[in-house]
Structures are given as structure tokens and as C-alpha cells.
Amino acid sequence: MENEITKPQKLLDKNGALTTTGWARDLLLQYDRDDVKAPKRRIKEWESYLLVSDGCALQLSIANLGYVGLVSATLVDFRQSLQHTKTIKKVLPLGAMALPYSSKYGDATYTEKRVGMNFSKASAKRYLKTEMLNFLDGKNLYVNVELEENKQHTLVCALPFTKENDCFHYSQKTIYPHISGIVRCGGEEYSFQSTNTFGLMNWGRSVWPRSISWNSACLNGSVSGEPISFYVSDGPTDSEQTSECVCYYRGRLHKLGKVCFSRSNADWGSAWNLSTKGMSLTFEPAIPYRRSASMGLGSHQSILLFGLFSGAVTVEQNKTITIRSLAGFIESTQNTNW
């Protein structure tokens with residue numbers, strides 16, 4: 001049985017090792033960059049949001065990866081052929097991007113002449129604001145979105161790497177069932193209303209092995225009028241003690257084991273199967289989007305697939321929920337020489 005963390009304590013001990021491993025319903029473990037014993041160039045700190053509506057998907061990220069800092073925006077238009085990512089790099093930030101130690105307070109901010117990006121929190125809301133010049137073919141990107149804070153849809157994990165003693169993964173995933181705001185790219189405007197939208201916050205502080213890859217998936221919708229959402233993954237660590245896998249149904253958290261991802265053939269657009277104890281789903285991609293970036297010392301590649309999930313999930317008291325064609329996405333990530 002996976003360990004649920006219920007009391008606040010430090011994330012790392014005096015040797016830079018995790019004080020405990022497991023999952024929590026809130027950010028209880030206190031991260032401090034000075035507690036990390038690995039070289040500063042290997043510390044990864046990030047805050048990222050992926051927002052999905054009927055018309056588009058938007059991903060915004062601010063990341064300090066030790067030897068390189070990244071500020072990135074991705075826009076995928078579901079109705080047109082527009083699929084684009086723009087990334088601005090800062091060489092050797094080594095902590096200079098000053099991301100807050102906690103997701104509960106402080107702003108994640110990056111500003112220079114090409115871009116202004118800010119993620120802030122006030123009371124029960126998060127605010128995402130971005131202005132990026134010349135995002136695509138001379139068109140500027142403008143984002144002003146707000147998310148209702150949702151502690152009931154939060155999973156925090158502290159995970160070890162069994163073969164890498166100086167590595168750890170500390171993450172928070174929060175699903176936002178309803179978001180609101182606007183996104184503009186040139187003359188195109190995309191409206192995020194409270195219905196038929198959802199978002200995922202991916203916050204993390206980690207030291208990873210040199211090469212790492214994993215798959216993850218997220219869904220949000222309703223079954224017979226009852227809200228359901230999940231986030232599942234087959235990584236990013238090799239630990240079997242705890243997984244970044246959870247289902248929320250009727251406002252309650254149901255913990256899932258690590259999920260096995262497979263697809264029918266090598267084509268990214270082919271059907272996927274996701275399975276673990278109590279869950280069996282298929283995913284039919286409709287819109288694939290490939291992104292890759294060279295970072296001098298290393299490389300990053302991810303595939304974003306938007307489509308429909310179908311299958312069944314069993315929650316507590318052996319209640320089986322049948323899912324039919326609910327919208328969501330799969331992301332496949334591979335990092336080399338990090």
C-alpha cells in the first residue's frame with residue numbers, strides 16, 4: 001500500500017536525501033534549494049500549465065534546469081493547422097530565475113524585451129499572464145487566464161530513483177476543472193469559459209538522472225452528470241513505492257497504481273492502451289503535436305496527443321465507472337544528457 005504523507009516536514013535531510021517517500025493531498029514537504037547536495041547545474045525547478053478548451057490548447061512554462069533556463073509557450077489550434085512553440089533560453093541561470101520554493105506563495109515571473117510571463121496566486125485563484133512578441137510570423141501572443149484554486153484535485157508526490165542515490169522527484173499536479181480568460185495570437189482570439197475547459201498545473205523541484213523518459217495522461221469530464229478527472233503516469237522515477245496516478249470522482253481522491261502505457265504500433269497517431277489495477281482505458285488520438293529542443297549539453301523531446309478516452313475505472317467500494325469518449329491528452333517526454 002502506498003504511503004500517504006499527512007504531516008509537514010522537510011523534504012530533504014542533511015545529506016540531501018528524501019526524509020520520506022509517498023504521496024500527499026497538499027504540499028506538506030518543505031523544499032529548500034540549499035538542502036540539495038547535487039551540483040546546482042543538475043537541479044530542476046519548474047512551473048507549467050496546460051490549458052484545454054473546445055478550440056485550442058495552450059501550454060505555458062517557466063523552468064530553471066540548472067544549466068539552462070526556459071520560458072516557453074505552445075499554442076495548438078484544434079480547428080486550424082496552427083501548432084507552434086516558442087522557447088526563450090537563458091544560459092546557466094543556476095537558480096537566478098528565482099522560482100519560489102513553494103507553489104503556495106510567491107510569483108513565478110520572467111520578464112525581458114521579448115516576453116513577459118507571470119504566474120501568481122491570490123486568495124483562491126491563480127492568474128496566468130503572458131505577452132510574447134513575434135510568437136508566430138510576426139504575431140504576438142497575449143494570455144490572460146484565471147484558475148479557481150482546487151485543493152480537492154491536487155496530488156503531491158515525493159519519489160526516489162532506486163539506482164541514483166542523489167536523485168529525487170518532488171511534484172505537484174493539480175487539475176482545474178473550470179478555467180476562464182482569453183488567449184490572442186494576432187487576429188485570432190480563443191475564449192476559455194467555465195464549461196468545456198480544464199487545466200493542469202505541473203509544479204516540480206527535482207534532481208533527475210542524466211537521461212529520463214516517461215508518459216503521462218490527463219482527462220476531465222463527467223459521467224452521468226458526475227464530475228470525473230484523472231492524472232496518471234508511468235514515471236518519471238523507477239520506484240514502485242508510489243505513483244503519480246490519481247482519479248477524482250464526485251470530488252473525492254482515489255489513488256491508483258503506476259499505469260502501463262502501450263500503443264498498437266510505432267505510429268504516434270495509433271491507439272493507446274492504459275492499464276493498472278482497477279483501470280483499463282483506450283485513447284484515440286485526434287491531434288498529435290511533436291516538440292523538440294536542443295539545449296547544448298542535452299536535448300528534450302515531447303509528443304502532445306489530444307483525443308478521446310474510453311474504458312472503465314474502479315474506485316472505492318468496487319464502483320466501476322464507464323468512460324465513453326471523454327476528452328483529454330497524453331504527453332510522452334524524453335530528456336537526454338540532463
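This is a predicted model: local features need pLDDT of at least 70, side-chain atom pairs count only at pLDDT 80 or more; totals for chains, interfaces and linings use all residues.
Mentor: Residues are numbered from 1 along each chain as its sequence is written, and side-chain values use heavy atoms, with hydrogens and water left out.

Trainee: Thanks! Why is Ser 120 called buried?

Mentor: Buried means under 20% relative accessible area, exposed over 50% and partly exposed in between, with a 1.4 Å probe and protein chains only. Ser 120 has a relative accessible area of 15%, so it is buried.

Trainee: And what is Ser 120 in contact with?

Mentor: Contact means heavy atoms within 4.5 Å. Leaving aside neighbours within four places in sequence, Ser 120 is in contact with Asp 107, Lys 125, Arg 126 and Tyr 127. Ser 120 itself lies in strand E9, residues 115–122; helices (H or I, at least four residues) and strands (E, at least two) are DSSP runs, numbered from the N terminus.

Trainee: What makes E8 and E15 edge strands?

Mentor: Two strands pair if DSSP finds at least two bridges between them. The open sheet has six strands in the order E8-E9-E10-E11-E14-E15, with antiparallel pairing. Strand E8 (108–112) and strand E15 (188–192) each pair on one side only, and that puts them at the edges.

Trainee: How do you know that E10 and E11 pair?

Mentor: Strand E10 (residues 125–136) and strand E11 (residues 139–148) share nine bridges in the antiparallel sense, and the definition asks for at least two, so they pair. Lys 129, for one, stands opposite Asn 144 in E11.

Trainee: Last one: what makes a set of residues a nonpolar core?

Mentor: Its members are buried Ala, Val, Leu, Ile, Met, Phe, Trp, Tyr and Cys residues joined through side-chain atoms within 4.5 Å. The largest such core here has 62 residues, and Leu 11, Leu 141 and Tyr 170 are among those with the most contacts inside it. A second, separate core of 27 residues includes Leu 219 and Ile 323.
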